[in-house]
Amino acid sequence: MAIAVAKRRQVRGVGSERVREALVGYGFIALPMAFFLLFFIFPIGYAFYISRYNWSIFKGPFVGWDNYRALYHDTIFWHHAVRNTLVYAAVVVPLEIALGLALAVVVNQAIRFRTFFRAAFYFPSLASSAAIAAIATYILASDGLLNTTLGHLGYHHTDAWFAQESTALPSIIGLNAWTTSGTIMLFYLAALQAIPTDVYEAAAIDGAGAWRTFRKVTFALLKPAHFFVAVVSVIGALQMFDQSFLIGGASGGPNYSTMTVVLYLYNRAFNAIQFGYAATVGIVLFAFIFTVTLIQRLLFGKAEIG
């Protein structure tokens, strides 16, 4: 009888200890979760609420799904903003991932001045977009450094790269691929340093060359980093705003060639004073980013299982 009572007391003690541990854990995450709910979840719900109204400066009449129907037939949104954003993401994401991975592999080697090169490659990511855009505007001007250099090489390009419809978006793509590759490099560098040296020693014993070792060992073990980098890069590309605004202006010029989804949202909200319609654009963008992220997770999950 005494043994049974002792066992029950022991079970109660273990249970109460688990409850206390759970309460302490919930206490630690309570404040971050409150900030997450307040600054992330609530704005999404409130944006959806606004999108159902004809909301200008003040709350207007309830319009239901009319904003979504109008957006479905909005040619500027689909033919320019969405198209430019998708083209930008499809080109800049592979570029910055490839460049970031290459830089990470280089600075991960035992080379002289390795710390200097790491800082130098990462420095463009620290500079402000306004400063980078201002410098790039001078470099890519009609009489700028790039056209002058091309002229000495026999290729004469006399137009400003940001002022032409055919070269404005590609110029922004090249600029952003360079500026964001430093951040991608840091992500990959952290993942590279987490790979144990035993696998490289085993590959060397098996007679694997440098390229085969990179392809079969390094690249394969970087799958979690690939997923993280791809998700961050795609989300950042789909939300691109600052360079388009600084270079092409609020109208996304020339001739909507630099218009993106977020810039179009800005125009509808602050130029046209249509906050309900702008909220509709934001909800559609959120749904698209969420879907793309989910697809990436499923694809990378299958790759890790395989």
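1. The bend at a residue is the angle between two fitted axes, one through the seven residues ending there and one through the seven starting there. In helix 7, a kink of about 35 degrees is centred on Ser-181. Helix 7 has 26 residues and spans 38 Å from its first C-alpha to its last, close to the expected 38 Å. That expectation is 1.5 Å times one less than the number of residues. Helices here are DSSP runs of H or I, at least four residues, numbered from the N terminus.

2. On the basis of the values: the model is predicted, local features need pLDDT of at least 70, side-chain atom pairs count only at pLDDT 80 or more, and totals for chains, interfaces and linings use all residues. Residues are numbered from 1 along each chain as its sequence is written, and side-chain values use heavy atoms, with hydrogens and water left out.

3. The largest nonpolar core holds 49 residues. Such a core is a set of buried Ala, Val, Leu, Ile, Met, Phe, Trp, Tyr and Cys residues joined through side-chain atoms within 4.5 Å. Buried means under 20% relative accessible area, exposed over 50%, and partly exposed in between (1.4 Å probe, protein chains only). Phe-77, Tyr-88 and Tyr-188 touch the most other members. Helices 3, 5, 7, 10, 12 and 13 each supply at least two residues of this core. Helix 3 gives the largest share, twelve residues.

4. What does Phe-77 contact, leaving aside its neighbours within four places in sequence? The partners are Leu-71, Val-82, Val-261, Tyr-264 and Val-281. Contact means heavy atoms within 4.5 Å.

5. There are 24 aromatic pairs. Rings of Phe, Tyr and Trp (its six-membered ring) pair if their centres lie within 6.5 Å; planes under 30 degrees apart are stacked, over 60 edge-to-face, and the rest tilted. Phe-116 and Phe-117 have centres 5.5 Å apart and planes at 65 degrees, so this pair is edge-to-face. Phe-116 is exposed at 55% relative accessible area. Phe-117 is partly exposed at 31%.

6. Phe-241 and Phe-245 are stacked, with 5.4 Å between centres and 20 degrees between planes. Phe-241 is partly exposed at 22%, and Phe-245 is partly exposed at 29%.

7. One aromatic cluster is formed by Phe-42, Tyr-46, Tyr-49, Tyr-53, Trp-55 and Phe-62.

8. Two charges over rings deserve a look. The charged end of Arg-52 sits over the ring of Trp-65, 4.2 Å from its centre. Arg-297 lies over the face of Phe-227, 5.4 Å from the ring centre. The rule asks for NZ of Lys or CZ of Arg within 6 Å of the ring centre and within 35 degrees of the ring normal.
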